[in-house]
Amino acid sequence: MLRAKLQKQLEPFVLQTDLTLNARVTGVFGSSGCGKTTLLNCIAGLTNPDEGIIRVGETDFYDSTKRINVPCRHRQVGYVFQEGLLFDHLTVRQNLTYSRHERTGPKLEQVVDVLELGHVLHRSASKLSGGESRRVAIGRAILSAPRLLLLDEPLTGLDRRMSGKTLSYIQSVLDAFDMQTIYVSHSISDIVYLCNEVVVVDRGKVIQQGTPTELLGAMVSADRAPLPTLKNIFPLTICKSPGSDSTVTGKLGDQTLIISGNAPEGDVTAMVYARDVILANQKPIGISARNVLSGRIERIESNDARCVVSVDVGVMWMVEITRSARDELKLEVAADVFVIVKASAIQLIETTPRPR
Amino acid sequence: MLAFLDSIEWMAVAISLKVSVCAIAIIIVPSMLLATWLARSNSRLKAIVETLIVVPLVLPPVIVGIGLLVLMGSVSKSLAFTWWAAVVASGIVSVPLLVRTLRAGIESIDPRLSQVATTLGASPFRVWMTITLPQCWPALVGGVTLAWARAIGEFGATLIVAGNIQGKTQTIPLAMYTQWQVGGRNVWPLALASVLIALTAVFVSESLIRKGRKNRVNASG
């Protein structure tokens, strides 16, 4: 449990939070310069609040009334900064083992295995690609045996493909190592994919706290422009190698998906844009789209122009349709619907390791 | 040509090396601490400290020498006119070059790297030894070379505080000055000795910087 009730004067506003976070992975969402990183810095002990309380579990990190201020190096908070920030003069292995907590925390071999870093272990940190350096930064933080893991926009500066791949590694790490995590991001899709809870910060104030789908609903209802491009990111198991028509078959829970392209058998992460998904209230007959999944509507959020429908198809999918389409199909919460996706609309991001 | 140096002049070379090496050995740690503080601190005292550090660089060395002599008179009279006085004078005039070069090197390092190390549980000393020092290695080597060159060439302040005593406080520049005054034949061999020492120092420092870079490349393999 993280308690962060604090106040800090920033230019040109005051960061003021009163948060109690219990979720395993909490997303912090907000525009640039709204105070997200300062909040993380206060929790990590890199910046002191003007006043307040910061507590993790039963341990007070900071309490202005009791004059408690645990130094950053004793807080055991794993912090992954934007751009990774590796120690370029050291090797990957030296970066990973810098914290010297291997005896009490996760084992190096386990972290290297989950993040697939074995082949770069003896390479200089300065010679890594962007995605590799983020993975090393995450591994380094995990190996410090943190009581709390802070990820500050760890996908900044990565291209779309690398960003999706790194996101799936983060999911693997969160599955493999049990630790409370705070994930700061601009991307609502990333937060929906990774987080159990989300906190929205605007000009230093927490304006909303709830589940990622509640946040999404509020964003649609508030008609915030521009609504970010919504993506459905989900794990998939490729169970059949390419056939004669250059497609592969993937299992999504009980449902089967057909995807254009080539991929080896095994676990992958897939992505499909919410705007590329079609909804039908009856099972379509004679249709070229290869994937027709049955599901149930969990939420409908709409504004004057757009409507985002959350459908449970084994995992939660967001489908973006027009308001007129919603009215015409008479879509309601708990209604059974069919989700239609073209095989070419599903993108396989990368084969990812799964926790053992 | 160097064979023409007599024993007194060889002694001047030895005293120069001894004085300059001792001066750098004494100032190196305080200079590193000072450079780190100047590079990272937001203290209001910074402007005053910066000014005080630059003073020996801009004042005529004779004034620095007189100031030191007055200070020694009130603190330890036995220090004046010894080779240790020459060490103090050389150290004082070399500090600005070492601090300024090191400070520039430290400022070029992303301060967030130290923050990362701190979140990983490292003490300030460990952060300095494992992150700051290796990252500013070229600046340290360059700064030490510059400061040492300044120390071995020091003349004015040394003459005032240590005198020009043959075999005791007479350094290369002072020996050259003496030879020049009396029209002695050994001015040019002494000058050549100075040039050779300086070139050797530059060669060694460049090799150390290159070796540091090479180690990084090898680590990448």
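A salt bridge is here a side-chain nitrogen of Lys or Arg within 4 Å of a carboxyl oxygen of Asp or Glu, and by this rule the count over all chains is 14 salt bridges. The model is predicted, so local features need pLDDT of at least 70 and side-chain atom pairs count only at pLDDT 80 or more, while totals for chains, interfaces and linings use all residues. Residues are numbered from 1 along each chain as its sequence is written, chains are lettered from A and ligands numbered from 1 in the order in which they are written, and side-chain values use heavy atoms, with hydrogens and water left out.

View 1. Chain A is divided into domain 1 (2–210) and domain 2 (231–351), with bounds that come from an automatic or database domain assignment. The C-alpha centres of these two domains of chain A lie 32 Å apart, and ten residues from domain 1 of chain A and ten residues from domain 2 of chain A take part in the contact, where contact means heavy atoms within 4.5 Å. The area buried between domain 1 and domain 2 of chain A is about 930 Å², with 54% given by carbon and sulfur atoms; buried area is the accessible area (1.4 Å probe) that two parts lose on being put together, summed over both. On the side of domain 1 of chain A, the residues that lose the most area to domain 2 of chain A are A:Arg160, A:Ser189 and A:Tyr193, together 47% of what that side buries.

**View 2. The interface of chain B and chain A.** Here 22 residues of chain B are in contact with 25 residues of chain A, and the area buried between the two chains is about 2,100 Å², of which 63% comes from carbon and sulfur atoms. B:Thr119, B:Leu120 and B:Arg126 supply 31% of the area that chain B buries against chain A, more than any other three residues. Between chain B and chain A the count is one salt bridge.

**View 3. The salt bridge between A:Glu83 and B:Arg112.** The closest N and O atoms of A:Glu83 and B:Arg112 are 3.0 Å apart, and the pair crosses between chains, from the loop between β7 (77–80) and α2 (92–96) of chain A to helix α5 (residues 111–119) of chain B; helices (H or I, at least four residues) and strands (E, at least two) are DSSP runs, numbered from the N terminus. A:Glu83 counts as partly exposed at 38% relative accessibility, and B:Arg112 likewise counts as partly exposed at 27%, where buried means under 20% relative accessible area, exposed over 50% and partly exposed in between (1.4 Å probe, protein chains only).

**View 4. Salt bridges within chain B.** B:Glu50 forms a salt bridge with B:Arg103, with the closest N and O atoms 2.3 Å apart. Because B:Glu50 lies in helix α2 (residues 46–58) of chain B and B:Arg103 in helix α4 (residues 83–107) of chain B, the pair ties together parts that are 53 residues apart in sequence. B:Glu50 is partly exposed at 24% relative accessibility, whereas B:Arg103 is buried, with a relative accessible area of 19%. A salt bridge also joins the side chains of B:Glu154 and B:Arg150 (3.2 Å, N to O); B:Glu154 counts as buried at 1% relative accessibility, whereas B:Arg150 is partly exposed, with a relative accessible area of 24%.
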